[in-house]
Amino acid sequence: MEKLETRIRNHDREIEKMCNFHYQGFVDSITELLKVRGEAQKLKNQVTDTNRKLQHEGKELVIAMEELKQCRLQQRNISATVDKLMLCLPVLEMYSKLRDQMKTKRHYPALKTLEHLEHTYLPQVSHYRFCKVMVDNIPKLREEIKDVSMSDLKDFLESIRKHSDKIGETAMKQAQQQRNLDNIILQQPRIGSKRKPKKDAYTIFDTEIGSTSPKSEQDSGILDVEDEEDDEEVPGAQDLVDFSPVYRCLHIYSVLGARETFENYYRKQRRKQARLVLQPPSNMHETLDGYRKYFNQIVGFFVVEDHILHTTQGLVNRAYIDELWEMALSKTIAALRTHSSYCSDPNLVLDLKNLIVLFADTLQVYGFPVNQLFDMLLEIRDQYSETLLKKWSGIFRNILDSDNYSPIPVTSEEIYKKVVGQFPFQDTELEKQPFPKKFPFSEFVPKVYNQIKEFIYACLKFSEDLHLSSTEVDDMIRKSTNLLLTRTLSSSLQNVIKRKNIGLTELVQIIINTTHLEKSCKYLEEFITNITNVLPETVHTTKLYGTTTFKDARHAAEEEIYTNLNQKIDQFLQLADYDWMTGDLGNKASDYLVDLIAFLRSTFAVFTHLPGKVAQTACMSACKHLATSLMQLLLEAEVRQLTLGALQQFNLDVRECEQFARSGPVPGFQEDTLQLAFIDLRQLLDLFLQWDWSTYLADYGQPTCKYLRVNPVTALTLLEKMKDTSRKNNMFAQFRKNERDKQKLIDTVAKQLRGLISSHHS
């Protein structure tokens with residue numbers, strides 16, 4: 001401490017020395033300082049005044065600066081807000097756009113917008129609450145788009161189901177137009193045709209998926225084509241359909257990763273629709289419109305599927321289409337077989353065939369195999385032939401029933417040429433005759449001939465467009481015509497011939513008619529050759545059986561003539577009234593027999609136009625039947641006794657028959673040929689009337705026997721009838737004295753006849 005104090009004193013002395021040294025200067029400085037203080041006071045006052053003024057004046061500036069500061073702060077906030085809004089606005093715009101697209105049913109663009117919103121815009125503003133709401137709604141929006149697009153697809157499927165017939169009708173019209181055009185080109189080749197080129201089937205209705213047109217987004221079915229200005233050309237079948245709902249739904253499901261689900265749903269629904277389309281209505285066979293609607297629906301279905309196949313990738317494939325077509329083909333053929341079997345109208349069957357051909361041609365254009373349809377048409381061809389045969393059976397029946405069975409009278413050259421134009425007939429002798437004259441045949445000949453030609457034309461119509469060769473067409477026509485001739489026409493002729501009220505005149509005319517029809521068969525052969533261009537000499541060519549048919553009909557008519565004549569003879573014989581116990585000797589033939597001979601003469605006079613053998617056979621048959629009937633009349637069991645007088649009367653009747661036979665009622669017989677029909681009766685009567693038993697018994701069995709045709713059984717039967725004749729018989733009056741000798745003689749002859757009979761049998 002002492003050192004410190006010492007040091008402090010030392011410093012104080014130094015300070016004092018220093019102060020003493022600078023004192024004057026200090027005083028001067030104080031003096032100046034005092035002066036400066038006054039100035040400083042003034043300056044202070046000035047500064048204070050200036051500060052006051054400055055403060056007063058700067059107050060507004062401070063307020064302005066404060067306001068400026070606030071403005072700067074707001075500006076910064078606004079700028080930050082704008083920046084944030086610039087990030088959010090695109091999100092909101094995209095969301096608004098998404099809603100608009102969904103509202104206008106532009107589902108595929110909406111799905112694309114949703115993807116951009118989710119992956120591009122929302123991540124930039126993900127911390128905002130409204131963005132979180134949007135993110136949460138995205139799956140719901142996807143499901144909504146998915147459901148709405150599926151609803152549009154269902155509407156589309158329902159629409160094309162309802163309008164399949166319209167689509168098919170249009171497709172078949174197109175095919176018909178194309179076929180007509182091809183026929184015109186084949187018949188009249190033209191260079192540089194001005195016909196409009198056909199639109200591409202797969203380009204005119206492809207709808208741009210991203211189109212913003214409300215029309216393209218909302219349509220889901222058949223477009224309106226009623227007001228098209230171009231009426232000259234039928235619109236393409238697929239021009240009527242807007243397929244955009246299918247495309248949109250396919251793309252949407254593809255984007256959503258559910259393409260397989262969509263494909264399975266589409267195919268399942270279309271299979272169900274196919275089964276409905278292939279179910280024919282129960283009354284389809286009643287009208288052609290029923291078949292047409294059925295075919296239109298099937299064609300419409302497959303036109304749609306074919307377009308889907310070519311305009312989408314994998315929605316349907318060829319295997320799926322082929323499977324559907326196989327099912328459709330089998331069901332269609334089965335339905336046609338069932339319903340066509342009910343058709344009894346050949347015109348309806350022909351129209352059905354043309355419709356099936358058009359149906360097959362239409363589907364063939366789209367690449368579907370249709371060979372089975374044409375094979376089925378060959379089956380329907382047989383049914384068509386049957387319906388034709390039934391129809392022509394009625395036609396022939398009407399012709400034959402309405403015919404007068406009289407030769408056609410001709411009064412002028414015009415009528416003559418008309419008949420010759422209808423039926424191939426040439427007769428120089430008839431041509432030379434003056435008018436009026438008659439054709440040998442009746443009206444049913446040209447009518448039947450022309451109806452056969454009409455039948456051939458009807459068969460030819462069915463063979464058109466069946467892709468058959470000329471040989472196959474010729475064979476079909478010939479086989480059908482043979483059925484017409486051998487079954488239908490033959491049956492009609494047989495029915496006429498077998499009618500109960502048929503007369504000999506009608507039968508004679510039928511024979512004449514069938515003779516001329518038989519001659520016309522070669523012209524029918526030529527007619528078929530001309531329309532099929534297949535020569536008859538071609539291998540395997542079927543021959544017409546017309547000749548056989550008309551021969552059979554003629555033979556049936558001949559047999560009916562023979563039967564009819566025999567029935568007439570039987571009717572006359574029923575009038576025979578012999579008195580088998582008479583003793584009077586008659587001098588003329590019985591009245592019934594005279595009338596019978598007169599009838600036979602007039603009948604055989606009508607046979608002048610018949611072939612010679614027919615007339616001769618009829619005459620011979622009538623004489624044989626007459627002889628047989630007379631023999632039966634003589635030997636019948638009811639006649640127990642007869643006298644020689646009765647036998648004499650019977651002999652007169654037989655002589656009348658022999659006289660008729662000798663008169664030659666039908667030319668062409670050799671001498672005495674017709675009389676041989678009565679030889680059995682003649683020899684029997686001569687034996688009894690001449691009582692030449694010794695000759696008969698002696699020569700029996702020898703070829704030169706005088707009574708070769710007399711059977712001992714017949715002789716014995718007749719002898720037994722004369723054995724117990726009454727004694728009142730005048731013929732035996734002269735022998736009454738030796739009655740016993742007569743009876744003994746008869747008994748002896750009878751015994752010898754029995755011996756002959758027994759020896760002959762042994």
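Visitor: Which residues is Ile 356 in contact with, leaving aside its neighbours within four places in sequence?

Guide: Contact means heavy atoms within 4.5 Å. By that rule, and with neighbours within four places in sequence left aside, Ile 356 is in contact with Phe 295, Leu 336, Met 376, Leu 377 and Ile 380. Please bear in mind that this is a predicted model, in which local features need pLDDT of at least 70 and side-chain atom pairs count only at pLDDT 80 or more, while totals for chains, interfaces and linings use all residues. Residues are numbered from 1 along each chain as its sequence is written, and side-chain values use heavy atoms, with hydrogens and water left out.

Visitor: Is Ile 356 buried or exposed?

Guide: Buried means under 20% relative accessible area, exposed over 50%, and partly exposed in between (1.4 Å probe, protein chains only). Ile 356 has 0% relative accessibility and therefore counts as buried.

Visitor: How many helices and strands does the protein chain have, and what percentage of its residues is buried?

Guide: The protein chain has 25 helices and two strands. Of its 762 residues, 43% are buried. Among contacts with a separation of 6 or more, 80% are between residues 24 or more positions apart.

Visitor: How is the packing of two helices described?

Guide: Two packed helices are described by the angle between their axes and the distance between the axes. Axes are lines fitted to C-alpha atoms, for helices over the stretch in contact, and angles run from 0 to 180 degrees between N-to-C directions. Consider helix α7 (residues 259–277) and helix α9 (residues 318–340): their axes come within 11 Å and cross at roughly 20°. Angles under 35 degrees count as roughly parallel, over 145 as roughly antiparallel, 65 to 115 as roughly perpendicular and the rest as oblique. Helices α7 and α9 are therefore roughly parallel to each other.

Visitor: Which residues of α7 and α9 meet?

Guide: Arg 267, Arg 270, Arg 271, Ala 274 and Arg 275 in α7 meet Tyr 320, Glu 323, Leu 324 and Met 327 in α9. For classes, Ala, Val, Leu, Ile, Met, Phe, Trp, Tyr, Cys and Pro count as nonpolar, Asp, Glu, Lys and Arg as charged, and the others, Gly among them, as polar. This contact of α7 with α9 has four nonpolar, no polar and five charged residues.

Visitor: At what angle do α11 and α15 pack?

Guide: Helix α11 (residues 371–402) and helix α15 (residues 470–497) pack at about 35°, with their axes 9 Å apart. The residues of the contact of α11 with α15 divide into ten nonpolar, five polar and four charged.

Visitor: How does the span of helix α16 compare with the expected one?

Guide: The expected span of a helix is 1.5 Å times one less than its number of residues. Helix α16 (residues 504–519) has 16 residues and reaches 23 Å from its first C-alpha to its last, close to the 22 Å expected. Of its 16 residues, 13 are buried, so that α16 is mostly covered.

Visitor: What is the phi of Tyr 405, and where is Tyr 405 found?

Guide: Its phi is near 50°, a positive value in a residue other than glycine. Tyr 405 is found in the loop between α11 and β1 (409–410), and Tyr 405 is buried, with a relative accessible area of 5%.

Visitor: Where else is phi positive in a residue that is not a glycine?

Guide: Trp 691 has a positive phi of about 50°. Trp 691 belongs to the loop between α22 (679–689) and α23 (693–699), and at 31% relative accessibility it counts as partly exposed.

Visitor: Is the peptide bond from Phe 435 to Pro 436 cis or trans?

Guide: That bond is cis, with omega near -5°. Pro 436 is placed in the loop between α13 (428–432) and β2 (437–438).

Technical notes: Helix = DSSP H or I, 4+ residues; strand = E, 2+ residues; numbered from the N terminus.
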